[in-house]
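Have a look at the chain below before reading on. The notes after it go from the overall layout to one helix and then to some charged side chains.

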Amino acid sequence: MRKQSEINRAIEHLKAYTDAASRIQVEVLEMKRSETWVFNQYVRNVPEDERNETLFYAARDAAQFLAGKIGISSICPDLEDEPEEEEEQDENITLSRKEYNNLLKRLERVERKLGLKSQINRISRKLVSEADPEDLMSQADACRYIGCGKTTIKRWADRGFLTGYKDGQRIFYSKKEIDKSKVVKEHRITVAERQEENGTDNRTNPE
């Protein structure tokens, strides 16, 4: 479980924003909602044509932050994660057959990503003037849309999987490029598999 001081830090930062996703994240953090509650609230108990994926991913990220699964930068891209305390780890790790098979699947997915990387030329960051302004979204919105953290999307941009459009110190991303990105699709598949392992429905993940 996340420390209360870290939760308060995130709440204080999110309250500075007025968008719906930030308000939902504040509610999840203040009420200490679980991922199961979020799934039931935004997916299971909502007709399919009325589901809001942006709010679902925002609420899910807040719940995962509470559980200690992701850092504060995943819900507050402008903040840096605090250094994690080192814990002693057992030398021997025991895996069930199911966990072992899932690990193999993920390793195969990593290998496919590495093969994809060799086929893609590194794309340098561009200026926002080189893109359609109506197609651009801020880094925070892009993270929420994809369902990933700031570190992840920056790594993709650095490796040439996505193009970052600069406006001073701010970085924007193209929604069309995100929708076409193979690495984003791979990421969403991985998220869906994790939800399936947790007994949740993956129908909320975009194609």
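What follows is a short tour of this model.

## Ground rules

This is a predicted model, so to speak: local features need pLDDT of at least 70, side-chain atom pairs count only at pLDDT 80 or more, and totals for chains, interfaces and linings use all residues. Residues are numbered from 1 along each chain as its sequence is written, and side-chain values use heavy atoms, with hydrogens and water left out.

## The whole chain

The protein chain holds nine helices and four strands, counted as DSSP runs numbered from the N terminus (helices are H or I, at least four residues; strands are E, at least two). From the N terminus, the order reads α-α-α-α-α-β-β-α-α-β-β-α-α.

Of the 207 residues, 42% are buried; that label means under 20% relative accessible area, with exposed over 50% and partly exposed in between (1.4 Å probe, protein chains only).

## Helix 4

Helix 4 covers residues 53-66, and its 14 residues reach 20 Å from first C-alpha to last, close to the 20 Å expected at 1.5 Å a residue (the expected span is 1.5 Å times one less than the number of residues). It's mostly covered, with 12 of the 14 residues buried, among them L55, F56, Y57 and F65. Those buried residues pack against helices 1, 2, 3, 6 and 9, where contact means heavy atoms within 4.5 Å.

After the helix comes G68, whose phi is positive, near 85°.

## Charged pairs

Searching the whole structure turns up seven salt bridges, each a side-chain nitrogen of Lys or Arg within 4 Å of a carboxyl oxygen of Asp or Glu. R60 is buried at 6% relative accessible area, and D61 is buried at 4%.

K15 and E30 also pair up, at 3.2 Å from N to O. K15 sits in the loop between helix 1 and helix 2 and E30 in helix 2, so the pair ties together parts 15 residues apart in sequence. K15 is exposed at 54%, while E30 is partly exposed at 43%.

## R188 and its surroundings

The backbone oxygen of Y145 does lie 3.0 Å from a polar side-chain atom of R188. D179, for its part, forms a salt bridge with K175 (3.2 Å, N to O).

Technical notes:
A polar contact is a pair of N or O atoms within 3.5 Å; within protein, one must be able to donate a hydrogen and the other to accept it, and residues adjacent in sequence count only if both atoms are side-chain atoms.
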